[in-house]
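Have a look at the structure below, and then let's work through some questions and answers about it.

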Amino acid sequence: MVAFTKRQMVDKLDETAKSAAVVRSPFQQAVHRFHRNTVAKVGLVMIIILVLIVIIGPFCMKYDPDAVDLYNVRAKPSVEHLLGCDDLGRDLLTRLLHGGRISMAVGLTSALLSIMLGSLIGAMAGYYGGIVDGLLMRFTDLVLTIPTLPLLMTLAVIFKPSPVFLVVMIALLMWPSSARLVRSRFLTLRELDYVRAARATGESDARMILTHLLPNSLDVIIVTATLSVGNSIIMESTLSFLGCGINPPTASWGNMLQNAQSTMATAPLTAIAPGLMILLTVLAFNFLGDGLDDAIDPKRDKR
Amino acid sequence: MQFACLSEYFLREGEHKVLKYIGKRTLQAIPMLLAVSIIIFALLQAMPGDPLDMYLENPNATPEAIERIKEAHGLDDPIHIQYLHWLKGIVTGDWGISIMSRRSVLSLISERVVPTLQLTGTSFLIALLVAVPMGVYCAINKGKAFDNIATPLTFFGISMPSFWFGLILQLIFAVGLGWLPSAGRTSITGANAGSALDIARHLILPSIVLSLIYFASWTRYTRTNFLEVLGQDFIRTARAKGLHERKVLFVHALRNALIPMVTVIMLDIPVIFSGAVITERVFAWPGMGTLFYDSIAKQDYPILMGILMVNAFLVIFANLLADILYAVLDPRIKY
């Protein structure tokens, strides 16, 4: 038997009281879980670094990304050209940084647009139910049925795409998955007591959706948005690689690989570098998205 | 064993019920197919250029002759009549003539089917044979070294732009090491050009690239599913009965974990076509994807429409099959 002094007893009690008082809100719990998820933190740090590089980088380069320099065709990496030059003698690093701006901008904006569209349609379907739900979900199924890549390629032939057009088209084909997720969340929320109470007080539909249902679906929306940034970056780069996206001379990570097959034997970096940037960026967003997904779901508290 | 289960189920519930469900779902697919065909037809209408443009440059084409052609092809008809005409052609096998090669679209597409099936089939098989065992292994050994390495690695598979993966494999195995051919389906010269072995050698790189798209997501899906099933009561019961762990895992758990996989795999079948467009382009594989890509470059609309239609049909058919298989395999589903 260990005898406590009075002082120790007080300390002990104090400690117990303190630990009992630590009641975390769901948001704090999520932050805590996210904090313990190394992979997600790595993703977040990678995204911050990549975004900074792409924003600041082009200002530090002395070359014009589109300037053809026939004396430096497929030049080897040197102090002058850190990563060498491509088949038109353009500085690879400069194009990589400028291309990154385009690729990231297209990826982020089309993900944002598609999540907004998806949330709107999912919210309408989930909130109103009945015929509205039936019609909207059949429409969603229909869009899901459309083969995305071949359709985007066909559209690119019809309307020579500008970057803005590309963003809109990618978003128009990507919203269905987020619509489904938001809808199913709305269907769950709709039956909860606080929502019924709010409805009983006679709040308008718009207010119900905007102040009660949408904020409580924000976790689903954020996770889907993060994951779809990666998807739309891949979509843009694939289209640009196939010659149906961002048109040269404007650089994007995808169209920088268009001629990679003819240059990779002599200048392997022209084939490696842009793809590596795509991989790293998409990887970062997928790490983050998956980590957020784990963080918001208490059931998935693994470790 | 699965079969015995199924027949028992049919006897119990009455076979007509399942058949009725299959019939109902098939009928539901038809409006879907019509809607997609309308979208594709609308695209066709939005295409720049007019089928008659090429006659306008011909000095021998009198206005009367052009009028006659218009009438013969129904180009003055209202748009819905033109659509019905086009739809009739699709149904009866008249898919139009390619602008570039002046050959029938249907025959052009059908001669590309075999190479595409070779590529997609092999990739599907590779993905399935690697992903499912790997997912199961990760789930059984959850939190151990292999799982901790393999699961984050699947992220690479999901995040990898497949065309770049193809380029890198070419760079390493064809350009660098010279072990495998970099492109094409057969060698142009050589004693065994065109033999099965030759095609198989050409098939290795593209099918690895194409299978990567599925490999990662299927591994993750199998792992999640398997873990979920392992947490269920009937597994605890089976273990409590003293059943051999191997039997619990590979008979009770695996079978139940694979049922949702059937749907996922079915729904991925159409996705493989988009993948084929990319992979076939990178490896110059002479399949439908390459045909599609070439037709894009040449703006050969009839072929584009034909391939889009084939693809849409495939998607809807796969959806249908997924629903039916799910209903048949999972007795808990109520029709």
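A salt bridge here is a side-chain nitrogen of Lys or Arg within 4 Å of a carboxyl oxygen of Asp or Glu. This is a predicted model, where local features need pLDDT of at least 70, side-chain atom pairs count only at pLDDT 80 or more, and totals for chains, interfaces and linings use all residues. Residues are numbered from 1 along each chain as its sequence is written, chains are lettered from A and ligands numbered from 1 in the order in which they are written, and side-chain values use heavy atoms, leaving out hydrogens and water.

Q: How many salt bridges are there over all chains?
A: Side chains of opposite charge can pair when their charged atoms come close. Going by the salt-bridge rule, the count over all chains is 8.

Q: How far apart are the closest N and O atoms of Arg196(A) and Glu191(A)?
A: Arg196(A) is partly exposed at 44% relative accessibility, and Glu191(A) is partly exposed too, at 41%. (Buried means under 20% relative accessible area, exposed over 50%, partly exposed in between, with a 1.4 Å probe and protein chains only.) These two form a salt bridge, and their closest N and O atoms are apart by 3.0 Å.

Q: Why do the buried residues of α9(A) line one face of the helix?
A: In chain A, helix α9 (residues 205-213) has Met208(A), Ile209(A), His212(A) and Leu213(A) buried. Looking down the axis of α9(A), they line one face because they fall within an arc (taken from the directions from the helix axis to the C-beta atoms) of 115 degrees.

Q: Is Asp133(A) buried or exposed?
A: You'll find Asp133(A) in helix α5 (residues 130-145) of chain A. Leaving aside residues up to four places away in sequence, Asp133(A) touches Ala125(A) and Arg183(A), where contact means heavy atoms within 4.5 Å. With a relative accessible area of 12%, Asp133(A) is buried.

Definitions and conventions. Helices (H or I, at least four residues) and strands (E, at least two) are DSSP runs, numbered from the N terminus.
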